[in-house]
Amino acid sequence: MTVYRATPPPRDPGESTARLTPVRRKRRIRRRRVMAGGLALTVLLLLATVILVSVYTDAGFSPDGTSPTSTENKQVPKGVREGGPVIDLTGQGDLRTYGMPARTIALTFDDGPDPEWTPHILDVLAKHRAPATFFVVGSQVARHPELTERIAREGHELGGHTFTHPDLAELPEWRREMENSQTQLAIAHATGRSTRLMRPPYSSFADALTDKDWETVRAVGAQGYLTVLDTMDSEDWKRPGADAIVRNLTPKDNAGQIVLLHDAGGDRSQTVAALDRLIPLLQERGFRFTTISAGIGGRLNPAAADDTVWRGRALVWTVHVADAVLTLLWVLLITAGGLIVVRTLILFAFAWRHSRHRRSPQWSWGLPVTQPVTIVVPAYNEEKTIGPAVRSLARSAHPGVEVLVIDDGSTDGTAAAVQRLDLGNVRVVRIPNGGKAHALNAGVRLSRNDLIVMVDADTVVETDAIHRLVQPFADPLVGAVAGNVKVGNRRGLIGKWQHIEYVIGFNLDRRLYDTFGCIPTIPGALGGFRRSALTESGGLSTDTLAEDTDLTIAIHRAGWRVVYQEEARAYTEAPATLKELWKQRYRWSYGTMQSMWKHRRAVVDRGASGRFGRRGLLFIALFSVLLPLLAPLIDLMALYGLLFLDREITIIGWLAMLVVQVLTAVLAFRLDREPLRPLWTLPLQQIVYRQVMYLVLLHSALAAVTGRRLKWQTIHRTGDLSSAPVPGR
């Protein structure tokens, strides 16, 4: 056992932030944090508002005649049950009802305006010069103001049919008032006019009013509206055919009628066809057509007050913004789903091809590599894990292995733990604490061989791992090799979830990247390097917190090949708690973004640097940043669907995504010859673990936007490598 002391490595100029004074830098970072925090809060509030507005305005409803009602009508006055279909309670408690004069027909259309069917109905009405009354849904008016304006411009009357078509009898008073007032605002914005007419959804004839309906009629009257019911129902919502609709609306005598039709809510082609036959038929019998107000001697849609128009404009814009943002969310959701499908198909195709190619009897890296290897192990306060790690490395099957432990200013017994092993091919070098990158650079400078392997101090390797790892160096173009890193502590759920993640990441993603020649990261747990590749790429830098990703990209840009050796297996201790996991992934995500930004010029470079930039950085951006940032939309919209859309379809869609994840995991485990038992935790991983990873990535992205410079996140080690092979056996 040899122990050396080394001087501190030179300070990396990448650490310098001297362009700004410390005070000014702190102020700028604080301002960016506030701005980023405010932006994040604004986005969250916007999304919440969009969802609430969308839920409110997109509430689905059944046709008017399908809502079940009670039959209790003891509180309904006899004068209402036996009176006309227009009920007036706007006076000082006085009750008046109105009907249409003899030989007078008031055509009424509910649930519109609809961009497809309302124009057809308006064309038929214009053709036969028949005015009508349209009881419009406020949310539809907000979405189609130009169509509402056409209704008014062509001489027809507008009445309210609530904003979202709820059953008013089931709503509290404040909600009833809001439904009607918002509809009034939407009409005012679209036409500059107001209305005194209101038809409650799911209403029918006056003699069918129940006690609950009567409460609604009284409430509507207190708000200043006339309640308009009907005397003849076309039942067009049943789509019985044009002949049946004409029969339903043909009066048996000369009494005036208010007839109910619909210009929205589905296919209204039968309604259009029936209307084109009904109007001339009744005109030949001497009936005239009119609006509700004209039929009872009222005023047709008086002008709205200016403040009502302005408030209506604000309401309509709110609906439009909500619709636009929700549409954007759906587009992003489709994008995320498309990326997942494309990624899965690519992974399956290329990972399987990569595996078959490597397992072919004709496959070989070249002549066996037997050159001596220096294994550099950076260590800072790794007393609990350093012993098994160094022992497994020192007993590697490769000839001429030298293990160089760089004690990076540890304050515990790290160096002493290595010394107690008493292994002849192990050296310990103590240096002042300078960070992992400095320790690795020191190890490279002190190494005696041209082939260098870097291994973390919490990692145990299989006996033949080092020998297998260096075999790709038979190809003189290979500058770095990524090993196959596995989770060594899989007892708890968090360990199992990370195990699944590692197996999928190393066996599918890395095989894909290897096929395209753009592996983005040589893992710090096990990676092999040529000294010349390290020298040409500038070695490890402290510019980023993902020094392994930074170095790998630099090696690519220097023109070296970076390959994956799946047969070189190492077992590392993964974080055992959510807190430790968060710290680790926060650093990884943030460091990856830093590395991408640092090497952004590669996208426009020529030669090897440009090839990697336009291929590798694109892959990283799509599948390591963009896809994880968009993926939460799948869960968000699934929750939205469960609460407000078709639950069965939503559940089927979510299960389909889960099946994709399961198939992906099964393929990865089979390729890596791993037992499938841990996959029972995969559904829980999608619900819990994946959400944590989303939040980590979002946190990292916000930190990157603010320009915050993070410190190294130290992970608490327990020394648990129970799933790793026992060193020396």
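A cavity is a set of grid points where a 1.4 Å probe fits but cannot get out. In this predicted model, a search of the whole structure identified four cavities of 30 Å³ or more. The largest cavity holds about 110 Å³ of space. Its lining consists of 16 residues, and L440, M454, I522, G524 and D548 are those nearest the centre. Two or more residues of this lining come from each of helix 14 (436-446), strand 18 (527-530) and helix 18 (547-557). The greatest contribution is that of helix 18, which supplies four residues. By class, the lining of the largest cavity comprises nine nonpolar, three polar and four charged residues.

The second largest cavity has a volume of about 100 Å³. It is lined by 13 residues, with P200, P201, S203, D213 and T216 nearest its centre. Nine residues of this lining are nonpolar, two are polar and two are charged.

Attention now turns to strand 5. In a regular strand the side chains alternate between the two faces of the sheet. In strand 5 (residues 133-136), T133 and F135 point one way, whereas F134 and V136 point the other way, and all are buried. Strand 5 pairs with strand 4 (residues 104-110) in the parallel sense over three bridges, and F109 stands opposite F134. Together with helix 3 (residues 118-127), strands 4 and 5 form a right-handed β-α-β unit. Strand 5 also runs parallel to strand 6 (residues 157-160), to which it is joined by four bridges. In strand 6, L158 is the bridge partner of F134.

Methods
Residues numbered from 1 in each chain as written. Predicted model: local features only at pLDDT ≥ 70, side-chain atom pairs only at ≥ 80, totals over all residues. Heavy atoms only, no water. 1 Å grid on protein atoms, 1.4 Å probe; cavity = no way out; pocket = protein on both sides within 12 Å on 5 of 7 lines; lining within 4 Å. Points joined across faces, edges and corners; volume = space filled by probe spheres on them. Nonpolar A, V, L, I, M, F, W, Y, C, P; charged D, E, K, R; others polar. Buried < 20%, exposed > 50% of the residue type's maximum accessible area, 1.4 Å probe, protein only. Pairing = 2+ DSSP bridges. Right-handed = clockwise from strand over helix to strand, strands pointing away.
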